Amino acid sequence: PLPPQTGTTAQAAAAAHQTNGTTKPTSVLHANLNSPPPKIVSAQGNYLTTSTGTQIFDATGGAAVSCLGHNHPHVKKAIIDQLDTVEYTYSPFFTTDTSEKLAERLTKSTDGQMSKAFIVSSGSEAIEAALKLARQYFVEKGEPQRTRFIAREQSYHGNTLGALGVGGHKARRKIYEPLLNENVSFVSPPYPYRGMRDGESEEAYAQRLGEELEAEFQRVGPGNVCAFVAETMSGLTLGAVPPPKTYLSTMKSICTKHGALLILDEVMSGMGRTGTLHAWTQDSVVPHLQTVAKGLGAGYQPIGALLVHRDVVDVLSKGTGSFVHSQTYQGHPVACAAACAVQEVVEREGLMENVRALAPVLEKLLRERLGGHKNVGNIRGRGFMWGIELVADKPTKTPFPASKKLAATIHATGLRPEYGISLLPGGGVADGIDGDVIMLAPAYNITREDVEVIVERTARVVEGVLGG
Ligand code: PLP
C-alpha cells in the first residue's frame with residue numbers, strides 16, 4: 001500500500017536492476033511504471049527467493065500480512081479441499097459452510113460483543129462497509145443529520161475513495177482531494193515520541209487528545225457526527241505506535257456522550273498482530289464497528305471483514321432488516337476456507353502465546369542492538385508490530401529531510417543479497433512530512449533464533465546505510 005510518490009518504488013526498482021539484472025519491459029502497471037521490483041519465484045517459511053537466487057528473510061510479511069510465513073501445508077490443503085467442494089457462490093443467493101464457520105469464529109472471538117461479520121476481500125472494502133453501515137445505522141435510528149466523520153491526521157484506512165476520505169495521509173489524498181468526502185475532519189493522532197510534553201503522563205496526554213476530539217465534536221455539531229474512525233494501533237503512516245494508556249477509553253467515552261459510533265480499524269493491528277486476536281481487548285474498549293483483514297487470511301487469499309457490534313445489528317434487524325450494500329465476492333468460499341485454516345493454525349499452534357512470549361525478546365534485542373545507534377530516535381511497538389524511528393539528531397529529534405527518502409533506501413538496501421531482509425518503510429516521510437520509520441511485522445510462528453536473525457540483519461542494514 002505504498003504511495004507511488006514515495007521514493008520506495010524508485011529504490012526498489014534500482015534494487016530490481018541489481019538483483020534481477022534486467023530491464024525487460026513489463027505490462028504490469030507497477031508502482032514504478034517503468035521498472036519492476038525484484039521478482040519472487042518461490043516462498044517458503046520466512047524466506048522469499050528472487051529470480052536471481054537471493055534469499056530474503058520476510059520480516060514484515062509484505063505489509064504485515066503473512067502471519068504464518070509462506071507455503072503452510074494446512075492452509076494450502078484447506079484451499080484445495082474447498083475448491084473440490086464449492087469454489088464460488090453469490091452470497092445474496094446462497095451461503096456456505098465456510099463463510100458461516102468463519103463468521104462464527106470471528107464473532108465468538110469477541111465473546112459475542114460483535115454479533116455479525118460482513119466478509120469482503122480487502123481492508124479497504126471493510127472500511128467502506130463500516131462507513132456505509134454507520135451511516136445506515138443512523139438513518140434507521142431516525143438521525144439522518146449525522147453525516148460527519150472525525151478521523152486522525154497521518155492515518156491510513158485504505159486507498160478506495162471512501163477509505164481515502166477518512167485517511168489523514170496527505171500525500172495519498174493530494175491529487176484526489178476533489179473526489180473525497182468533504183464531511184470528514186481530522187484530529188491529532190496519539191504519537192508519544194513527538195506529541196507528549198516533557199513530564200506529561202500517558203493519561204494526561206490521552207486527556208489532552210480527548211479535549212481536542214471534544215472540541216472537534218463541538219465545532220461540527222455533536223449531533224451531526226456519525227463516527228470517530230481510528231486505527232487501534234497506528235500502522236504504516238505513523239510507524240507502529242500503540243495507543244497511550246486510557247487513550248481509547250477516553251475517545252470512546254466522548255463518542256458515547258455524543259451518541260456517535262467508534263470505528264476501530266484493525267486491518268493491520270488486528271487478528272493477532274499485537275499479541276491478542278483483537279487489539280482493542282488490551283485496552284478493554286469495545287468498538288461499535290471493527291475492520292480486520294491482513295492477518296485474517298495471512299496472504300493465502302485476499303480477505304477482510306467488518307465486525308458489527310450487537311447493538312448496531314439490533315437497530316438494523318428491527319429496522320429495514322438489510323444492509324444496503326453487497327459485493328460480488330462477499331463471503332468468498334475459498335477465501336473463507338483459507339481464513340478458517342489460518343485461524344485454526346493460530347489457535348492450535350498457540351501462536352498468540354508465541355507472539356506474547358517473543359515480543360519482549362524482540363523488544364530487548366532491538367533496544368540492545370539498535371537503541372544506542374546515533375540515528376535511532378525511538379523504538380516502539382506491541383506484539384509483533386514494531387517501529388524504529390530514525391532521526392538526523394537524537395537530542396532534538398530532528399528528522400532526516402523527506403527528500404532523503406531514508407526509509408525507502410533502507411528497504412531497498414535490505415533486499416540486496418548481502419543483507420537479505422525485507423523491511424517495511426513507513427512514518428511521516430511517506431506523507432511527504434519529514435520522518436522515517438522502519439517497521440517489523442514478522443510471522444507469528446517465528447522462533448527465538450529467527451528473532452535474532454531479524455534484529456541482526458535489521459541493524460546491519462541501518463549501519464550499512466547510516467554508518468555504525
Ligand atoms: N487500514 C489499515 C490500518 C491498513 O494498514 C490498510 C492497509 O495497509 C488498510 C486499511 C487497507 O487495506 P487494503 O490494502 O487491504 O485495502
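Visitor: Why is I175 called exposed?

Guide: Exposed means over 50% relative accessible area, buried means under 20%, and partly exposed is in between, using a 1.4 Å probe and protein chains only. I175 has 66% relative accessibility, so I175 counts as exposed. A word on the source: this is a predicted model, where local features need pLDDT of at least 70, side-chain atom pairs count only at pLDDT 80 or more, and totals for chains, interfaces and linings use all residues. Residues are numbered from 1 along each chain as its sequence is written, and side-chain values use heavy atoms, with hydrogens and water left out.

Visitor: Where is I175 found?

Guide: I175 sits in the loop between α7 (170–173) and β6 (184–187). Helices (H or I, at least four residues) and strands (E, at least two) are DSSP runs, numbered from the N terminus.

Visitor: What makes L161, I175, Y176 and L179 a nonpolar patch?

Guide: Nonpolar side chains (Val, Leu, Ile, Met, Phe, Trp, Tyr) are joined within 5 Å, like charges within 9 Å. L161, I175, Y176 and L179 form such a patch on the surface, with about 430 Å² of accessible area together. Those areas come from the Shrake-Rupley method with a 1.4 Å probe, and for residues only the protein chains shown count as cover.

Visitor: And V334, is that residue buried or exposed?

Guide: V334 has a relative accessible area of 5%, so V334 is buried. V334 lies in helix α13 (residues 333–348).

Visitor: Which residues is V334 in contact with, leaving aside neighbours within four places in sequence?

Guide: Contact means heavy atoms within 4.5 Å. V334 contacts I79, Q82, L83, E87 and Q301. I79 is 255 residues away from V334 in sequence, yet their C-alpha atoms are 5.9 Å apart.

Visitor: How do you know that the protein chain agrees with a compact globule?

Guide: The radius of gyration is taken over C-alpha atoms, and the globule rule is 2.2 Å times the number of residues to the power 0.38. For 468 residues, a compact globule would come near 23 Å; the protein chain has 22 Å, so the two agree. Its C-alpha trace spans about 60 × 60 × 45 Å along the principal axes, and 58% of the 468 residues count as buried.

Definitions and conventions:
Patches are made of residues with over 30% relative accessible area and no salt bridge: like charges are joined within 9 Å, nonpolar side chains (Val, Leu, Ile, Met, Phe, Trp, Tyr) within 5 Å. A salt bridge is a side-chain nitrogen of Lys or Arg within 4 Å of a carboxyl oxygen of Asp or Glu.
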